[in-house]
Amino acid sequence: MGRTVAALAPVRRLIRPRVYGIDEIDLTPSLFVGNHTLLGVLDVPLILAELWERGIPVRVLGDHAHFALPLWRDLLHAVGVVDGTRAVTEALMVDGQNVLVFPGGGREVAKRKGEKYQLIWKNRVGFARLAIKHGYPIVPFASVGAEEALDVVVDSDNPVMAPLRSAFETITGSPDLWPVVRGVGPTPIPRPERQYYWFGPAIPTDDLAGRHDDDRAVRRVRERVRRAVEDGIAFLQDQQRNDPQASLVSRLIGR
């Protein structure tokens, strides 16, 4: 991860992320829960770099589909991403490691048109159940900026994507095919939009000790986290709208 952070230095100088709340994070082992942005690769490495530099290494729970792809899964393993199974998550928690999860998984990465910054968590509650079981505080976080870097041209619901979607599902077991995107001009190269990250106050779970099988308690925690992440997204979008250095030119000239 240290080598990855060093390699990301030019990108970070270009993007110059603005980060809120990160210095208030307690070093107690925690479960970080946030929103997955379009494609999921434009902001996650930069978020991990921000945490790493502050002495907060995390293990990221990846969607199972990632690990069906040779080479790609090796790259993910190299930066600490692991298959997000229940068994793996529990092992990390028993070991006292920081864990980061995107409850939206592959579906939230494969955004359709009109789904910008939407949380698509379906009925997933596993992260809340395991946090309660292991007494892990949950740190909600949000990310904004990556979804301004690319436009969805053709999403996976389009009939023309059906053959690719079928092939992708056969290979990975997941129907969540990435959309066709456009960035700089007609190319898929992302525009260098500034990114914004927010880390909220930790949500404790120790007051619910022993209630990880209580579905009502689990769903209350899930909803509390979801609301916090949505509030974080709204806060960052406001910061983005009012940022005098939001454009690349203003950042380059330091104004």
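This is a predicted model: local features need pLDDT of at least 70, side-chain atom pairs count only at pLDDT 80 or more; totals for chains, interfaces and linings use all residues.
Axes are lines fitted to C-alpha atoms, for helices over the stretch in contact, and angles run from 0 to 180 degrees between N-to-C directions. Helices are DSSP runs of H or I with at least four residues, and strands are E runs of at least two, numbered from the N terminus. R86, T89, E90, M93 and V94 of α5 meet R129, L130, A131, K133 and H134 of α7 (heavy atoms within 4.5 Å). The residues of this contact divide into 4 nonpolar, 2 polar and 4 charged.

The axes of α7 and α9 come within 8 Å and cross at roughly 110 degrees. The two helices are therefore roughly perpendicular (65 to 115 degrees). From α7, the contact uses F127, A128, R129 and I132. From α9, D215, A217, V218, V221, R222 and V225 take part.

Helix α9 (residues 215-241) has 27 residues. Its span from first to last C-alpha is 39 Å, close to the 39 Å expected at 1.5 Å a residue. Buried residues of α9 include A217, V218, V221, R222 and V225 (under 20% relative accessible area, 1.4 Å probe, protein chains only). Their cover includes α7, β1 (18-20), β2 (31-34), β6 (138-144) and β9 (196-199).

Residues are numbered from 1 along each chain as its sequence is written. Local features need pLDDT of at least 70, side-chain atom pairs count only at pLDDT 80 or more, totals for chains, interfaces and linings use all residues, and side-chain values use heavy atoms, without hydrogens and water.

Terms used
Ala, Val, Leu, Ile, Met, Phe, Trp, Tyr, Cys and Pro count as nonpolar, Asp, Glu, Lys and Arg as charged, and the others, Gly among them, as polar. The expected span of a helix is 1.5 Å times one less than its number of residues. Buried means under 20% relative accessible area, exposed over 50%, partly exposed in between (1.4 Å probe, protein chains only). Angles under 35 degrees count as roughly parallel, over 145 as roughly antiparallel, 65 to 115 as roughly perpendicular and the rest as oblique.
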